[in-house]
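Please examine the following structure with attention to how its parts meet.

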Amino acid sequence: MNEHPESSAPKSERKIIVEPGVERGIAKLTPEKIEKTIRAVLSAEAGARFKTYIDTCVHCGLCSDACHFFLSHDRDPLFAPAAKLKQTIWEIVKKDGKVDEDFLRKAVEVAHSECNLCRRCSMYCPFGIDIAYMVMMMRRIVHKLGLTPQNMQDTAHSHSATYNQMWVKEDEWIDALHWQEDEAREEFPGLRIPIEKEGSDIFYSVIAPEPKFRAQLLYQAAAIFHAAGANWTMPATPGWDNSDICMFTGDHEMMGRLKKVHFETALRLKAKRIVTGECGHAFRSVYDMGNRWLGYKMPPIPVVHAVEYYHELFEQGKIKVKNKYKKPVTFHDPCNISRGMGLHDKAREVVRATCETFIEMEPNREHNYCCSAGGGVINCGAPYKIKRVEGNSIKADQMKAVAAKGAQVVIAPCHNCHGGLEDIHESYGVHMEIKFLSDIIYEVMEKPGQE
Amino acid sequence: MHSLYYLVSGPLVWVSIALFLGGIIYRVVSMAKLARKKDIFVYEYWSPYYALRSILHWIVPFGSVNMRKRPVMTVVTFLFHICLLALPLFVFAHVILVKESWDVSWITLPETASDLMTIIVIGACAFFVGRRLFVPEVKFLTSPSDFLVLAIVATPFISGFWTYHQFAGYKAAAIVHMLSGEIMLAAIPFTRLSHMIFFPFTRGYMGSEFGAVKHARDW
Ligand code: SF4
Ligand code: SF4
């Protein structure tokens, strides 16, 4: 296991990270307000699942080995999944909301920076207790108390002001699409990025970092759609961004608004289905949580993640491979599309169809370790970065092991995973490139109009 | 002593059975009602097939990755739970009591088997106490009530063993045996022992969500 400064014996005391947004929030609280707010959340929202999970947990600790934080901190009990509940929501229930500021500082840190809501522990707990759901309940309380770390809250504000994650203005969005269309037309003369086209088969939605600083992904997606002869569109109006940090701050009302505008935009354009770009949390929001909050058992319009869509293209022979990708690759399963959608096997089929050599990392599929960026943890920003990276030395071990087997490239079809893995690779000296599946497909596919 | 004996072997048996059954019904009904009110999606997503698929993976020894990773714990828990459930139902002395009262009976365990199983239950309880004391991540989660629950479970078996082997003071041990057995039965719905009741629901729900909605395995 990698050495890092805090990895020695189990710590019984924790050093709290001082975070300006949390402190500002705490300054505004009174004991009465804390109690009232917590009780309001518990009485309105803590239902049968919540109560049953609290009563059923037998304190056996069997969930511990699931968690990368626990494994990376040399089995420090503070980082075991159920321990995160003991330090947060159990205590809140026990004290019926009568908790103090120091407790809340600690609870914010545990709930926001020590759990990626990756749900790996639900596969290790014999009772299938959904610890991520319980941590989310803690975050909901933190949100209601106004204590969300400021970096993450800023993203949530961007969502409420602009319906996208990164303060992208409407004209900037349209401009980004035109720009990428222009660029791509040099390579593919007939290519279009169809904006506001009614009745297309596909409504393609992405997360705001794509127009903001990963515009090549829009380019590549357009190239793939073009090569596959797809009938697709993107909207000119808000609703193009499928991301959702509000889901992770516990601002469910805002999560609902975001998903509503996303679904309604797709429905307004009379699209047959939504295809989402290579992002895990966005998919979770559209397919799992946002729809639920809005009262839809399943999304009101079929939603397909990019990986599934690519799989379809290869299955139907709509994309042909010119030369397979040469460098040996491995595949990192993003939690939200593996545990969240079971796309691990389809992803592997696409990888095998496009790459010469595929090497599995261990563990893999549903059992893969989270990148430690997910669940909004990376969005909590700089104050928690070291902690996030230290909390995932096990990922570095896993990556080094697969690199030792010869892998030179890790494919991760999720934006968050890219952020998380980049930091891990850099901090622990893992030497592998990180790529999206579309990077590979774009590189190896037969390009229309080219020899 | 006689009146105490009469009490624990007569009325209290009925009280504990009533608390046990009534408690289970009460807990399940109130959970179901609350879920209707606040977690309606539980009903929507519940899938008998996937619930059962998950439950089966978790009640078959070594059926999950975590169980395979912890062979000792797996063997101990399975033996413990099997003995814990089977002993009271099939131990000769219990079946005989039922036969004498209502003239119905069923198969019984050979005496050496019951003896061995009792020792397994007691040994497993000691193992669990050990985990709670010495395994850091378990110790951190442990509260005094967890030891109490273990004591509630172990006492009927220790005293039963004592009575059966007629060790010194076994008459008193017999009373302790009956009383502690009744306490255990009555405690099931109202303590952490309720995990027995809720297991099919929590596991089944996770199985349904993972299987039917997320198309993934949860073991
Ligand atoms: S990070 Fe994942 S494994 Fe760890 S407690 Fe959170 S949901 Fe469970
Ligand atoms: S959450 Fe599950 S595995 Fe973890 S301590 Fe509770 S019962 Fe045990």
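Predicted model: local features only at pLDDT ≥ 70, side-chain atom pairs only at ≥ 80, totals over all residues.

Residues are numbered from 1 along each chain as its sequence is written, chains are lettered from A and ligands numbered from 1 in the order in which they are written, and side-chain values use heavy atoms, with hydrogens and water left out.

Me: How many Å separate the centres of domain 2 and domain 3 of chain A?
Reply: Chain A is divided into domain 1 (15-148), domain 2 (155-315) and domain 3 (329-444), with bounds that come from an automatic or database domain assignment. Taken over C-alpha atoms, the separation between the centres of domains 2 and 3 of chain A is 22 Å.

Me: Which area do domain 2 and domain 3 of chain A bury between them?
Reply: The size of an interface is often given as the accessible area lost when the parts come together. Buried area here is the accessible area (1.4 Å probe) that two parts lose on being put together, summed over both. For domains 2 and 3 of chain A, 64% of the buried area lies on carbon and sulfur atoms, and the total is about 2500 Å².

Me: Which residue of chain A does A:Lys346 meet in a salt bridge?
Reply: A salt bridge is a side-chain nitrogen of Lys or Arg within 4 Å of a carboxyl oxygen of Asp or Glu. Between domain 2 and domain 3 of chain A the count is 2 salt bridges. At 3.4 Å from N to O, the side chain of A:Lys346 is paired with that of A:Glu308.

Me: How many residues does chain B give to the contact with chain A?
Reply: Contact means heavy atoms within 4.5 Å. Chains B and A bury about 4300 Å² between them, 57% of it on carbon and sulfur atoms. Chain A contributes 55 residues to the contact, and chain B contributes 44.
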